[in-house]
Amino acid sequence: MVKELQKKVRELFEDKKVDMVVGWGKGSVPMSATPLFIKSIDEVDDLIFDETCQNNLAVYFTKDKRKLSKDGKKVGVIVKGCDDRSLVLYSIEKQIKRDDIVIIGVPCDGVIDKNKILRKTNNREVIEYNCDEKKVKVKGRDFELTLDKKDVLSDSCLTCSYPDAQVYDEFIGKARKKVDCKDEFKKVDDFEKLSLDERWNAITEEYSKCIRCYACRNVCPSCYCTKCFVDTNKPQWIGKSPEITDSIIFHLIRNLHVAGRCVECGACARACPVGIDLLLLNKKITKEINQRFDYTAGLDIDEKPVMTTYCENEKQDFIMG
Amino acid sequence: MKDWQPKILAILCNWCSYAGADLAGVSRLQYPPNIRVVRIPCSGRVDPLFIMKAFQTGYDGVLVSGCHPGDCHYLSGNYFARRKFAVLKPLMEFIGVEPDRLQFSWVSAGEGERFSKVVTKVTDDIKKIGPIKKMVKGD
Amino acid sequence: MIIKINKNKFDKFFKILKGNYDVFAPIGDGMNSKFSRVKSIKEINLDISNTDKSPKEIFFPQTEILFNFESQKINLNAEKNKSFAVWGMRPCDAKSLTLIDKIFGSAKQKPNDENFEDPYWKSKYDDALIFSIGCNTPASTCFCNWFESGPFEKIGSDIFVVNTDEYYLMEAVSEKGKVFLKKVTDFEKGIKKDEEKITELKKRAESYLKKSVDLKALDNVIEEIWGNPVWDELSNKCINCGACTFICPTCHCFDIQDEGKEKAGKRIRLWDSCMFPDFTGEASGHNPRLLSKDRFRQRFMHKFKYFPDNNDDYLCTGCGRCIYVCPVNVDIREVVEKIVKCES
Amino acid sequence: MKNTYIPVPMKVENIITEDPNKTLRTYDLSFINSEDRKNFKYMPGQFCEFSILGKGESPFGIASSPTEKDFLRFTVNNTGLVTNEIHYLRKGDNVGIRGPLGNWYPVEKFKGENIVIIGGGFAFTTLRSLLIYLLEHRKDYGEITVIYGARNPDLFIYKDEIAEWEKRDDLNLHLTIDKKADGWDKLVGFVPAVVKELAPKAEKTWCVVCGPPIMIKFTLPVLVQLKFPNDRIYTSLERKMKCGIGKCGRCNIGSKYICIDGPVFSMEDINNISEEI
């Protein structure tokens, strides 16, 4: 598959259809890949795609990285299903011109969550890592483990209904349409069954870990305000220290800002250096939006995002009668 | 504890609910004195941040009130607001904040009586839950 | 002289320590391991290699109250803490504290050459008793050997501990350490064989590390590197989150903020990061480090040029935390290697 | 142990509004404790952290001269959180300052020689301090030339004092505005151009430049053209600051920290910094 991908990218360069391609290369430590900016045909050999390619590359088309796609340059980008949805979102929100970007889809079977593997190894360092369709083999200095791949896949991938790109220019192989995902909201449903206080305690415990490094915000493709509300000081909405209520408010508002725009790539949760389960709240919002408005973000390039539109006769059970 | 009175932030839209509150006042209708009113141009202007900030600074409850659907002075502000609340309300409940602490209502300029009823209900609801403990920033 | 503490008697040793000090030790496993105040040895994770969060937060917490105020009256917290003891710090972390100490500790300071002391740092760090543990199995991300240091480095440590299968072998490094070890009676003394064991472990540990990059070559290049286009290439993938700076044991930049209301509140000092645009953004809207590239460059130049210029040491100890925490795999070793390759 | 983070209590003695838009105000502060006043020794060019409890701190150059014993003067432009709060201050209010911080114009070196002071806009604050100091020790120095530019006549600060200075015959004062304005009979033109035209002699002369970055950027080459040696040109730089004591790590340009290595730098120092200013 990687060979095919490289071949395709090489062709695109040869046919002058792209000036640059954003993809993934091998990372410097086991179980990691790193974003790669390919500017010439000689660099194509460094391109990889596997279950370690966890970054959402769409993020390089906004924020102060947007320079990458400027100057009439044609930029190719290699995408998983979720990354593609981000690009669709960007087209809808006029962050990119669809015509300036060549979307190259790759078939995705989910990406691994490094932290899940480290939890299995008791935080002992992994030096060698191998993965086939079902199993993940990891080796450290004094241990060897074989894990089921589905146990170490990122949470976002376990509940993914659109593993492959739906809107693309090229696809390596055959793109799947929607796949069935039975327990998409199981975690949310389970959490809802807890009592109010149990929920609050669980949330405060989880979010008290936050160190406010904003890795979640910065890797998030949907978070691209030029000035984030936490960075303003006139007025200064929330404190900058990792005080629990400030942290919770930061995350809630971030969740709400990406409500109906979150493509559930899970990049935030994987980027979190302290391992907060950031997806839970996103998933809850997605559930509400799915059920109430029957909307999924980043699928239809012509549909307005759910929060920027309305129906006159919507259900309004949450409003006092 | 017996004497505890809840402090409630009422965010009212300028064109309907604020006028409704005014009407309740001039009609000499009685309602609990627990609300502190913030007047805003439209319920669509309500940023969830305002609500969280209110809880963080110790308000026991928040009431947001705007024009009835279809009556918005700016035509569609309250429709967008409704979508926002449709997500916000379950989210706050999801993280464990008592659902009754955050309430929404539509009150028009002519509904002074309805306004007094809404405030009475919200105040009663919050009295039942007691003082806010979650979301409040300590010293 | 080496004191030998059998691991099954560690409890007894811990009691002596706790009698004299407020004890910090690594806790937690999996994600989010860190140094924290501990009451008993049950809480301590003795097997942990490098903690996810660095121990700088013991002495330089993420949020620290400078003072409280009420109306116009400033109140300082005058309470004297019990001195801290830190068990189980890695040698690289112990060294990193000596680097931060160059900033916050006593130093002649420009422009007047007056002596500057940071009371908040000094009140904690100066009296602290630091037990650093020799690193038996350095990770593949470790590169302490780049900085004329190694897995058994003793700089910054008061008592150096070697972890063998059965024993903790302790050796006093500083005067403070000597004084404390005198209090620890009733334990075995080390013999020649133990010293041999230490040498053996040290040798083995060092063999795990990869070959060091020639930092002298870096010093030659870095003078002229500021305007080099290599920074564009290096910073392309950086997304400017602050993860690397917050888990770094040597990053010490901070912000000062007031919290509370005008009538009563507190002035706090909190970690800040050169990765954030807000770090240098001025009220007028001007920002001298506007682009991702500018901020990326600042972090590496601070570590490998600016700090060395002012303090004669690199602001990095090779702990490798930033390598595995970076969401886009920016590897500080690769950055240095690529800079070295830039012939000016 | 001295705690450098604690501000010294001060009282607002006098407030002057400098421009019709009321965005520039000058504050004269006095020490509340006489002990603090005794310990506070400063030179022209240094700055202080102005502290408003509950809002934060902001650095400002000291506009008064050490020869003016009764007060400390700051001129504040309303732009951010703290400066906005400062503009709410009234006479008699309590504030705090930390300082003096940073280095100063090398007035000792200037002795016996000529001095050219070039300023722009409301950055004239520390230049006022310098000028007052020089005038107070007038006989120690040679010719003094001041070139002061502002966008329009309203934006000059210390207008009353300027009127006084204009009357003096031991001081060459040149005022200039960017564009022609009604009732303005003095120079018109940007500061760099005016400097070029006036062409002050470089022999035995020191030059001090302070103003907005863009003005500094274009004035320095003019001075080089006029054959001022690099080590005789001084300027004062600015960056966002928090601690003011070289610790918080944000105000550096290359390995120099504005707050302790500066804010006053010679052209020579600046050329030695690898980073662009």
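Predicted model: local features only at pLDDT ≥ 70, side-chain atom pairs only at ≥ 80, totals over all residues.
Residues are numbered from 1 along each chain as its sequence is written, and chains are lettered from A in the order in which they are written. Local features need pLDDT of at least 70 and side-chain atom pairs count only at pLDDT 80 or more, while totals for chains, interfaces and linings use all residues, and side-chain values use heavy atoms, with hydrogens and water left out.

Student: In which strand does D:Thr235 lie, and is D:Thr235 buried or exposed?

Tutor: Strands are DSSP runs of E with at least two residues, helices are runs of H or I with at least four, and both are numbered from the N terminus. D:Thr235 belongs to strand β12 (residues 233–236) of chain D. Buried means under 20% relative accessible area, exposed over 50%, and partly exposed in between (1.4 Å probe, protein chains only). Because its relative accessibility is 1%, D:Thr235 counts as buried.

Student: Which backbone oxygen does the side chain of D:Thr235 reach?

Tutor: Contact means heavy atoms within 4.5 Å. Leaving aside neighbours within four places in sequence, D:Thr235 has contacts that include D:Ile216, D:Phe265 and D:Val209. At 2.9 Å, its side chain reaches the backbone oxygen of D:Val209.

Student: Is D:Ile117 buried or exposed?

Tutor: D:Ile117 is placed in strand β7 (residues 114–120) of chain D. Beyond four places in sequence, its contacts include D:Leu127, D:Leu130, D:Ile147 and D:Val208. Its relative accessibility is 0%, so D:Ile117 counts as buried.

Student: What separates the C-alpha atoms of D:Ile117 and D:Leu130?

Tutor: D:Leu130 is among the residues in contact with D:Ile117. The two are 13 residues apart along the chain, and their C-alpha atoms are separated by 8.9 Å.

Student: What area is buried between chain A and chain B?

Tutor: Buried area is the accessible area (1.4 Å probe) that two parts lose on being put together, summed over both. Here 43 residues of chain A are in contact with 42 residues of chain B. Carbon and sulfur atoms give 72% of the buried area, which is about 3,800 Å².

Student: How many salt bridges are counted between chain A and chain B?

Tutor: A salt bridge is a side-chain nitrogen of Lys or Arg within 4 Å of a carboxyl oxygen of Asp or Glu. B:Lys137 and A:Asp246 meet this way, at 2.7 Å from N to O. The count between chain A and chain B is four.

Student: Which helix supplies the largest share of the side of chain A that touches chain B?

Tutor: Helices α6 (186–192), α7 (196–207), α9 (244–257) and α11 (279–293) of chain A each supply at least two residues of that side. The largest share, eight residues, comes from α11(A).

Student: Why are C:Glu175 and C:Lys178 separated by about one helical turn?

Tutor: C:Glu175 forms a salt bridge with C:Lys178, the closest N and O atoms being 3.9 Å apart. C:Glu175 counts as exposed at 56% relative accessibility, and C:Lys178 as partly exposed at 41%. The separation is about one helical turn because they are three residues apart in helix α5 (residues 175–183) of chain C.

Definitions and conventions: Polar contact = N/O pair within 3.5 Å; in protein donor to acceptor, adjacent residues only side chain to side chain.
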